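Below is the model I went through today, followed by what I looked up.

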Amino acid sequence: MGVLSALTRGLVRGADRMAEWTSKRGPRTFYKSRGARPTGVLTSSRKFIPVQAMIPEFVVPSLEGFNLKPYVSYKTPAGTEQPMTPEMLFNEVVAPQIERDIEEGVFNEENLEKYGLEKTQEGKLFKLHPKNFAR
Amino acid sequence: MRLTTLLSMAAKAAFPHDYRYGTSRPWTIAAQRLNPPGKKRRKVFVEPIANEDWRVLRGDTNIPCKSNSNQVEILSGKDKGKQGKVAQVIRRRNWVILEGLNTHYRYIGRSGDYRGTYIASEAPLLLKDVTLIDPTDRKPTDIEWRYTEEGERVRVSVRTGRIIPKPVYQRKDGIIPQQWKDGPKDTSPEDTLQKTYTPSLKTLEEEVMEKMNIQEDRRPRKSYWY
């Protein structure tokens with residue numbers, strides 16, 4: 001309740017100054033968006049041109065033979081798999097290849113890209129840090 | 001507000017260290033009336049009991065038809081000598097609320113002229129006023145935590161040496177997992193436990209793009225946020 005004093009019950013002396021200022025408050029002329037992204041361009045003659053690339057399109061593959069449903073049954077026992085950590089991922093994906101290359105004698109420290117390790121995130125579409133995709 | 005400060009704000013509800021816990025949960029309206037944010041109430045002294053030494057569990061029950069039922073007996077107070085089932089445990093005040101015992105009566109749901117329903121409401125009992133009961137001879141005993149030969153930590157009654165089993169865990173919403181019937185939107189246990197994950201260094205989005213042959217050569221413009 002913000003700066004109101006201890007023993008007040010309810011809002012006694014004025015409005016709640018800490019409440020969020022949204023488009024539902026204010027006079028009729030007050031306009032504020034609630035976060036929807038624009039799907040086109042507004043021209044100088046006040047005509048709106050929709051841009052197809054700004055409109056989200058869901059690309060869904062065919063769900064033949066896909067048995068997973070939104071909810072999980074209560075009868076399912078707790079799983080026994082450990083959650084995946086970066087160390088486990090490295091050990092399963094990258095380490096065998098590196099070991100194989102060392103045995104053949106081909107391992108090169110400058111050429112780590114062929115195992116999937118990247119020097120920089122520049123130029124990638126889905127950067128890992130700073131993460132630029134929503135999941 | 002800055003994006004980074006917004007992201008770092010804690011989402012957990014915090015209570016002051018001298019918050020006085022009552023029988024209502026702290027987020028209910030009744031508890032907010034008794035403990036509004038700025039109010040300091042008289043301090044109540046609670047004997048500190050470690051988590052390992054806590055003896056009584058919710059559901060230590062009284063099911064008369066079963067022979068090996070877990071019960072709890074009251075040692076002092078109005079209902080001294082009676083046995084009952086633990087409905088709720090409030091660790092902050094060392095309280096135990098038994099079903100139907102140590103009750104006082106009150107009216108609930110009054111509005112306008114209607115004086116409300118007259119119900120019996122249970123008062124909490126301190127842990128030291130309550131003991132567990134030996135399941136075989138139905139007498140109150142003192143309890144210790146000891147280890148079995150397998151290394152499992154169990155409650156053992158000091159007087160007879162019998163193990164008091166933990167009460168069967170019952171969900172608050174009354175669902176018994178073994179008797180659950182799957183609905184149309186429930187994934188069956190076999191499908192859920194199937195392991196289909198192959199570890200790879202690609203993100204989900206990159207794998208999907210590869211599978212569906214989507215080519216994307218444009219890159220977003222660089223932008224900065226604080």
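Ground rule for what follows: helices (H or I, at least four residues) and strands (E, at least two) are DSSP runs, numbered from the N terminus. This is a predicted model, so I took local features only at pLDDT of at least 70 and side-chain atom pairs only at pLDDT 80 or more, while totals for chains, interfaces and linings use all residues. Residues count from 1 along each chain as its sequence is written, chains are lettered from A and ligands numbered from 1 in the order written, and side-chain values use heavy atoms, with hydrogens and water left out.

**Entry 1: the annotated span.** I checked UniProt, where an unreviewed entry puts "domain: KOW" at residues 71–99 of chain B. Positions are in the numbering used here, feature names are shortened, and annotations may be inferred rather than shown by experiment. I get 0% helix and 48% strand for that span, with its end C-alpha atoms 11 Å apart.

**Entry 2: a salt bridge at the end of it.** My rule wants a side-chain nitrogen of Lys or Arg within 4 Å of a carboxyl oxygen of Asp or Glu. B:Lys85 and B:Glu99 pass, with the closest N and O atoms 3.9 Å apart. B:Lys85 sits in the loop between strand 2 (83–84) and strand 3 (86–90) of chain B, and B:Glu99 in the loop between strand 4 (95–98) and strand 5 (103–108), 14 residues apart. B:Glu99 is partly exposed at 47% relative accessibility; buried is under 20% relative accessible area, exposed over 50%, partly exposed in between (1.4 Å probe, protein chains only).

**Entry 3: helix 2 of chain A.** Which residues are buried in helix 2 (residues 95–104) of chain A? I find A:Ala95, A:Ile98 and A:Asp101. Down the axis of helix 2 of chain A, the buried residues fall within an arc of 130° (directions from the helix axis to the C-beta atoms), so they line one face. They pack against helix 1 (86–93) of chain A, contact being heavy atoms within 4.5 Å. The face turned away carries exposed A:Glu99, A:Glu103 and A:Glu104. A:Gly105 follows helix 2 of chain A, with a positive phi near 85°.

**Entry 4: chain B against chain A.** I count 34 residues of chain B in contact with 35 of chain A. The buried area is about 3100 Å², 65% of it from carbon and sulfur atoms; that is accessible area (1.4 Å probe) the two parts lose on being put together, summed over both. On the chain B side, B:Thr187, B:Leu201 and B:Glu205 lose the most, together 18% of what that side buries. Two salt bridges cross the interface. I also looked up B:Lys222 with A:Glu122, closest N and O atoms 3.7 Å apart.
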